[in-house]
Amino acid sequence: MSGIGPVEPGDGTLAPESRRPDGIPRRPHPTHLLPRSRPLRLTLAALLLLAGAGYLYATRPRPPAPPPVPYPIQVVALTYPADQPAPRPAGSHAFRFTVLVSVRSGPPVSVTRVSQPYAGLTVTASPAPPFRTRAGSPRKITITMHVTECGKVPRNAGFPFLDVTLRNPQAIQDHSFILGERYARDLSEALQVACSNESGHHQNR
């Protein structure tokens, strides 16, 4: 035999290190594969866990959305009570009466301004704005009207109204409340009385 090189094992032979001390060939143990396959299994398990958690979060039952807050003018009423006496004098050119503010539902509503459309009148309210009114708790407001110039107020108020500014978490709104025929009649009579004395006639000259 000639040539130089490593001796190749023949058929049925193994390198010495592949044999046990008793001469039986060594066989690869399955646990030799664990260092490579375990990280892969752990990664797949983590991905499946994340996917399951995402699905449960996306399909979880959700509470119904709260109803939207209504606009102030949708829930507020301003009325002239039927059991109220006629406007009472509050000086030679002033008179007062009561109106009722009520909130049907929703959060409290603040009244920030009370006024009226006639140039010859000024209005004050008690309690003084701003004040709040809660749902289910009507609030009485005492309105005092002062006649500043009789020539600029109507002697027969056909459809008088009060201008009120309302505010809640949804909006700030101005609204004109028409208080009905009885209010119009009482207001007309009160204006005639306020402007019928000597001071009132002198103010018109």
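The largest nonpolar core here has 34 residues, and Val99, Ile143 and Met145 have the most contacts inside it. A nonpolar core is a set of buried Ala, Val, Leu, Ile, Met, Phe, Trp, Tyr and Cys residues joined through side-chain atoms within 4.5 Å. Buried is under 20% relative accessible area, exposed is over 50%, and partly exposed is in between, with a 1.4 Å probe and protein chains only. At least two core residues come from each of β1 (76–79), β3 (94–103), β4 (109–115), β5 (121–126), β7 (139–147), β8 (161–167) and α3 (181–194). Helices (H or I, at least four residues) and strands (E, at least two) are DSSP runs numbered from the N terminus.

Two caveats. This is a predicted model, where local features need pLDDT of at least 70 and side-chain atom pairs count only at pLDDT 80 or more, while totals for chains, interfaces and linings use all residues. Residues are numbered from 1 along each chain as its sequence is written, and side-chain values use heavy atoms, leaving out hydrogens and water.

Leaving aside neighbours within four places in sequence, Val99 is in contact (heavy atoms within 4.5 Å) with residues including Leu78, Tyr80, Ile143 and Leu162.

Now the rings. There are four aromatic pairs. Rings of Phe, Tyr and Trp (its six-membered ring) pair if their centres lie within 6.5 Å; planes under 30 degrees apart are stacked, over 60 edge-to-face, the rest tilted. Tyr80 and Tyr183 pair edge-to-face, at 5.2 Å centre to centre and 70° between the planes. Tyr80 sits in the loop between β1 and β2 (88–89) and Tyr183 in helix α3, 103 residues apart. Both are buried.
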